[in-house]
Amino acid sequence: MALAQMKLDATEARLAGVTLPDGAVWARDARAAALERVRQMGLPTKRDEYWRYTDPSSLTAAEAPTAALLENDEGPLFEDVDRVRIVFVDGVFDPAASDDLSTEGVEIERLADAMQVDIHWAKDIYGVLEARGQKPVERPLAALNTALATDGVVIRATGKVSKPINFIYLHNDVASDAVLHNVVKVEADAEITLLETGPAAARFSKQLEVELGEGAVFNHVRAQGRDHERRAVTHCFARIAENSSFKSFTLTFNGVLTRNECVLEIVGDNAVAHVAGACVGDGKDFHHDDTVFVTHDAVNCESRQVFKKVLRNGATGVFQGKILVKEGAQKTDGYQISQSLLLDDDSQFLAKPELEIYADDVACSHGSTSGAIDETALFYLRSRGVSMTDARNLLTLSFLAEALEEIADEALAEELRDRLERWLARHS
Amino acid sequence: MLEIKDLKVKLEEEDKQILKGVDLKIEPGTVHAIMGPNGSGKSTLSYVLSGRDGYEVTGGTAALEGADLLDMEPEDRAAAGLFLAFQYPVEIPGVGNMTFLRTAVNAQRKARGEEELSAGDFLKIVREKAKSLQIDADMLKRPVNVGFSGGEKKRNEILQMAMLEPKMCILDETDSGLDVDAMKLVSEGVNALRSEGRSFLVITHYQRLLDHIKPDVVHIMADGKIVKSGGPELALEVENNGYADILAEVA
Ligand SMILES: Nc1ncnc2c1ncn2[C@@H]1O[C@H](COP(=O)(O)OP(=O)(O)O)[C@@H](O)[C@H]1O
Ligand SMILES: [Mg+2]
């Protein structure tokens with residue numbers, strides 16, 4: 001009890017003096033309710049079961065630790081992709097650097113503008129999916145994001161969106177502390193691809209809420225960047241309707257701390273939900289955490305979780321993944337795999353895979369492994385003349401391949417593969 | 001081409017001597033065969049020559065065209081012209097056979113200071129060589145050796161050899177697990193590579209491979225040593241009488 005009270009007191013102290021951004025009544029209400037959720041739950045501490053493997057203190061601290069900008073000659077991603085660029089610099093929308101937001105099949109508005117409008121479709125999503133996602137596991141940092149988000153966009157896809165929408169997160173200020181919240185609504189039978197690229201800020205809190213209509217298609221590819229000292233906590237909440245498809249892939253390079261939570265709720269029959277991630281981390285100060293929760297609450301749906309981590313020089317990877325199959329969610333096909341490739345004895349992978357099933361006619365499987373480079377394969381490659389470094393990198397890429405295969409668009413996958421190859425070459 | 005003198009090898013992790021003084025001299029353009037009972041150290045010899053971890057050389061030398069092999073990394077031995085067709089080819093999930101071949105070919109060319117092959121030239125050469133080994137496009141696309149039958153794996157080894165054009169080819173029981181037709185294909189693949197500047201060391205249990213790949217010299221290995229050497233007739237003797245007589249004779 002004393003501990004719980006201490007946690008709430010600490011939360012009050014942290015929230016003292018916080019003022020919520022202004023807006024229309026619904027927006028003010030959504031923020032106030034979210035802040036109240038934070039107060040009820042308390043901000044996370046490393047004593048929390050859900051934060052056992054990842055210390056949240058730098059994410060909850062009043063001041064963001066600074067993060068130097070990484071200098072290398074890697075240019076921006078997806079330059080050759082015909083897309084709509086939406087640029088945020090240290091968490092602030094930059095209209096001059098962004099493309100014209102009017103695109104066929106989609107309405108895009110800045111969050112702050114949408115929040116001024118008395119009657120807006122975003123009212124039914126903003127903070128709503130996040131609030132639903134607080135059960136059965138509390139995610140106070142997501143509620144804090146809903147309360148405080150200063151920028152972001154709301155997107156409504158009404159048809160097949162002609163080009164991908166690319167959120168580009170630039171990081172220029174070593175001390176930036178950004179809180180972004182994006183909302184995507186994909187109407188029935190509409191289709192959209194969302195790209196997210198860049199390191200964003202020294203400390204980045206980002207939330208994405210996605211509502212899929214019947215038969216909607218949502219494809220998401222994210223490359224989480226690159227500055228070595230940056231910290232990020234991201235949440236994705238999605239509600240997945242009948243016959244719709246949700247696919248999300250994240251590639252993470254570097255970062256002192258990354259916690260990516262993905263909370264998917266399948267509410268309509270015959271739907272598909274895939275979430276995948278690959279990360280490469282080098283050094284004791286690399287910590288990467290994927291926390292995933294997929295709820296099946298409909299019949300004949302398929303979900304996949306595919307996570308691969310390459311860890312070297314004392315890096316840490318975390319995976320907490322759950323498949324919850326509710327009563328009546330028959331014919332569920334649930335798959336979960338989390339694997340790490342540990343390139344030395346100092347690196348570690350902490351995994352907590354979980355299945356909880358209340359229906360009897362389901363096929364669910366999960367597995368988690370941790371291993372070193374296959375020495376026999378390494379020798380085989382070297383005996384053919386491939387250098388030690390190239391052989392290791394080839395085997396490392398092949399380890400990550402299963403996760404990259406989750407990307408539907410082959411050109412995007414190829415570009416990320418190239419990036420990875422160069423990252424491996426720089427770090428070997 | 002290859003000269004091995006009094007080579008002694010033990011296991012790194014255990015106090016177990018496996019090679020107890022091997023002497024072998026292979027001239028350019030010749031084919032040597034090594035036969036011998038299971039466990040006599042034939043594979044160990046091939047691994048030590050190609051640089052696999054886990055073995056400790058406790059004495060002797062091995063040189064390829066005068067260069068000390070035992071001092072080189074495995075990849076440098078390959079670039080110097082050594083090739084081992086594995087007794088048990090390794091499966092590498094996630095690496096396409098074609099990518100593997102191209103990486104290997106270009107790595108060796110680079111190590112030798114040659115230009116890398118263009119994608120187009122490479123493809124042309126692979127297709128041609130694959131065809132003669134009856135390796136289809138699907139096998140080239142699949143991950144290295146994954147899901148290959150025993151015979152497919154062995155043919156894939158020969159394809160690699162044909163692409164890399166080594167000077168000294170060691171074939172470790174390439175005939176095991178092959179049916180008659182596959183054996184013929186593999187032998188034809190090997191014979192096509194025979195040339196004045198290229199030597200072969202063929203490790204086998206059976207005369208039948210040596211019917212196709214005619215050796216100049218046959219050695220018998222037992223308990224970590226070469227105990228007898230002779231012409232092709234030695235292989236016939238083994239085929240007819242087994243090793244017992246020979247081993248008794250040298251004991
Ligand atoms: N890595 C190893 N670990 C343990 N024993 C080994 C290892 N490599 C070889 N040996 C042993 O060394 C001996 C020779 O093996 P090998 O070279 O495979 O013989 P061959 O190929 O002639 O059948 C055998 O007794 C085998 O068990
Ligand atoms: Mg053997």
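Which residues point one way from E10(B), and which point the other way? Before I answer, note that this is a predicted model. Ser199(B), Leu201(B) and Ile203(B) point one way from strand E10(B), while Phe200(B) and Val202(B) point the other way. In a regular strand, side chains alternate between the two faces of the sheet. Here the residues on both sides of E10(B) are buried. A residue counts as buried if 20 or more other C-beta atoms lie within 10 Å of its own. In E10 of chain B, residues 199-203, that holds for 5 of the 5 residues, so the strand is largely enclosed by the rest of the structure.

Now the strands that pair with E10(B). Strand E3 of chain B, residues 31-35, pairs with E10(B) in the parallel sense over 4 bridges. Within that pairing, Ile34(B) has Ile203(B) as its bridge partner. Strand E9 of chain B, residues 168-172, also runs parallel to E10(B), and 5 bridges join them. Phe200(B) in E10(B) stands opposite Cys169(B). To get from E9(B) to E10(B), the chain passes through helix H7 of chain B, residues 180-193, and this β-α-β crossover is right-handed.

Among the buried ones are Pro140(A), Leu144(A), Asn145(A) and Thr146(A). What covers the buried residues of H6(A)? The cover includes helices H2, H3 and H5 and strands E6, E8 and E10 of chain A.

Note on methods: Residues numbered from 1 in each chain as written. Chains lettered and ligands numbered in written order. Predicted model: local features only at pLDDT ≥ 70, side-chain atom pairs only at ≥ 80, totals over all residues. Buried ≥ 20, exposed ≤ 12 C-beta atoms within 10 Å, placed from the backbone. Helix = DSSP H or I, 4+ residues; strand = E, 2+ residues; numbered from the N terminus. Pairing = 2+ DSSP bridges. Right-handed = clockwise from strand over helix to strand, strands pointing away. Contact = placed C-beta atoms within 7 Å.
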